[in-house]
Amino acid sequence: MSSKYQSREIITKAICGKGRKFSTVTHTVTPPHKPSSILGAWIINHQYEAVAAGDGIEVIGTYDINIWYSYDRNSQTEVAKETVSYVENVPLSYLDSRHRASTVEVTAEATQEPSTVEASVAGDGRVLIRVEREFAVELVAETKLNVLVVPGGEDGYKDFDFGSELGDYEDLDPDLLDDEL
């Protein structure tokens, strides 16, 4: 690079880490009566928050499991309710190591809300509930960007070779581009 060009560091807030995790967990609920059969199982009142934890983000949350079941040889029905707490550690598949740790903000989005996949009665009267959930997380923080400073404003660009020809972009697959731009 010619000595007439200089670079500067700009501090800006940017997405410095991303991650996604899909998980399947099994919860055990013990209703007050021994179930004959499961008539329905659903999850409601899902609440969660995200916190930074080492090289990942922890999603801490709760939800209520409701199980509609029959008992007494299928002659009675009842709904059993139980609140479940969880901590899901979501690893970051990308992390900018140059971010300022003191400025970190984390977010989580439930890309698949917790949902019941299967509910079955165990031999001892307990109900096993298999639940799927998925989270996408982001870590936002201040980081440094290096920029080229060209003296003389726009006129200085004509002398600088950015190392690219216009034809370099012809082979790009537009389906691979990020839709969130």
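This is a predicted model: local features need pLDDT of at least 70, side-chain atom pairs count only at pLDDT 80 or more; totals for chains, interfaces and linings use all residues.

Residues are numbered from 1 along each chain as its sequence is written, and side-chain values use heavy atoms, with hydrogens and water left out.

**Exercise 1.** Determine whether H27 is buried or exposed, and describe its surroundings.

*Solution.* Step 1: locate the residue. H27 belongs to strand β1, which covers residues 6-29; strands are DSSP runs of E with at least two residues, numbered from the N terminus.

Step 1: classify it. The relative accessible area of H27 is 13%, so this residue is buried (buried is under 20%, exposed over 50%, partly exposed in between, with a 1.4 Å probe and protein chains only).

Step 2: list the contacts, that is, heavy atoms within 4.5 Å. The C-alpha atoms of H27 and I129 lie 5.1 Å apart, although 102 residues separate the two in sequence.

Step 3: look for polar contacts (N or O atoms within 3.5 Å; within protein, one must be able to donate a hydrogen and the other to accept it, and residues adjacent in sequence count only if both atoms are side-chain atoms). The side chains of H27 and Y63 make one at 2.7 Å.

**Exercise 2.** Carry out the analysis for R20, and state which residue its side chain joins by a polar contact.

*Solution.* Step 1: R20 is also found in strand β1. Step 2: its relative accessible area is 52%, and therefore R20 is exposed. Step 3: beyond its neighbours within four places in sequence, R20 is in contact with residues including V90, P91 and A136. A136 is 116 residues away from R20 in sequence, yet 4.3 Å away from C-alpha to C-alpha. Step 4: the polar contact, of 3.5 Å, joins the side chain of R20 to that of T111.

**Exercise 3.** State which strand gives the most to the lining of the largest pocket.

*Solution.* Step 1: twelve residues line the largest pocket, and K18, R20, A136, V137 and E138 lie nearest its centre. Step 2: β1, β6 (105-121) and β7 (127-149) each supply at least two lining residues. Step 3: β6 gives the most, with four residues.

**Exercise 4.** Describe the surroundings of H99.

*Solution.* Step 1: H99 sits in the loop between β5 (94-95) and β6. Step 2: with 18% relative accessibility, H99 counts as buried. Step 3: a polar atom of its side chain lies 2.6 Å from the backbone oxygen of D96. Step 4: among the residues that H99 touches, leaving out those up to four places away in sequence, are C16, L139 and T143.

**Exercise 5.** State how many aromatic pairs there are, and characterise two of them.

*Solution.* Step 1: apply the rule. Rings of Phe, Tyr and Trp (its six-membered ring) pair if their centres lie within 6.5 Å; planes under 30 degrees apart count as stacked, over 60 as edge-to-face and the rest as tilted. The count comes to four aromatic pairs.

Step 1: the ring centres of Y48 and F135 are 5.3 Å apart and the planes stand at 70°, so this pair is edge-to-face. The pair links distant parts of the chain, with Y48 in strand β2 (residues 35-53) and F135 in strand β7, 87 residues apart.

Step 2: Y63 and Y86 form a tilted pair, 5.5 Å centre to centre with 35° between the planes.

Step 3: Y48, Y63, Y86 and F135 form one aromatic cluster.

Terms used:
On a 1 Å grid over the protein atoms alone, a cavity is a set of points where a 1.4 Å probe fits but cannot get out, and a pocket is an open set with protein on both sides within 12 Å along at least five of seven lines; lining residues have an atom within 4 Å of a point.
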